[in-house]
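This report describes a single protein chain. The sequence and the structure are shown first, and the description follows.

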Amino acid sequence: MSTFVAAAPRVPSPRWPVPEERRTVTVLFADIVGSTALVDRLDPEDVRAVQRAYFDTVAGVLRRWHGVVEKYIGDAVMAL
């Protein structure tokens with residue numbers, strides 16, 4: 001059996017290396033206080049619902065202040 005793979009179209013790459021730029025940023029790290037105890041007493045579906053509501057609320061506040069979520073770590077949010 002032969003397999004033919006078409007060549008991927010060339011996509012222009014961004015300028016590399018990226019020019020350096022000094023910026024002042026604020027890093028926010030927030031999590032749910034007592035989340036371990038909360039997870040222990042709730043059903044997994046309820047934990048997911050609480051986390052989704054929390055993540056949506058945090059993301060909304062960040063958007064309002066022109067911040068961005070960098071990553072989610074468990075029940076924590078790291079933002080810039």
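How many salt bridges does the count come to by the rule that a side-chain nitrogen of Lys or Arg lies within 4 Å of a carboxyl oxygen of Asp or Glu? The count comes to one salt bridge.

## Basis of the model

The model is predicted: local features need pLDDT of at least 70, side-chain atom pairs count only at pLDDT 80 or more, and totals for chains, interfaces and linings use all residues. Residues are numbered from 1 along each chain as its sequence is written, and side-chain values use heavy atoms, with hydrogens and water left out.

## The salt bridge

The salt bridge joins the side chains of glutamate 21 and arginine 23, at 2.9 Å from N to O. Both glutamate 21 and arginine 23 are exposed, a class defined as over 50% relative accessible area, with buried meaning under 20% and partly exposed in between (1.4 Å probe, protein chains only).

## Fold and surface

Two helices and three strands are present in the protein chain. These are DSSP runs numbered from the N terminus, with helices being H or I of at least four residues and strands E of at least two. Along the sequence, their pattern is β-α-α-β-β. Among contacts (heavy atoms within 4.5 Å) with a separation of 6 or more, 42% are between residues 24 or more positions apart.

Of the 80 residues in the protein chain, 18% are buried. The accessible surface is about 7500 Å², and carbon and sulfur atoms account for 58% of this surface; the areas come from the Shrake-Rupley method with a 1.4 Å probe, and for residues only the protein chains shown count as cover.

## Valine 58

Valine 58 belongs to helix α2, which covers residues 44–64. Valine 58 counts as buried because its relative accessibility is 14%. The C-alpha atoms of valine 58 and alanine 79 are 9.4 Å apart in space, while the two residues are 21 apart in sequence.

## The cavity

One cavity of 30 Å³ or more is found in the structure. A cavity is a set of points, on a 1 Å grid over the protein atoms alone, where a 1.4 Å probe fits but cannot get out; lining residues have an atom within 4 Å of a point. The largest cavity has a volume of about 40 Å³, taken as the space filled by probe spheres set on the points, with grid points joined across faces, edges and corners.

The lining of the largest cavity consists of Ile32, Ser35, Leu38, Val39, Val47, Val50 and Gln51. Helices α1 (35–41) and α2 each contribute at least two residues to this lining.

Notes. On a 1 Å grid over the protein atoms alone, a cavity is a set of points where a 1.4 Å probe fits but cannot get out, and a pocket is an open set with protein on both sides within 12 Å along at least five of seven lines; lining residues have an atom within 4 Å of a point.
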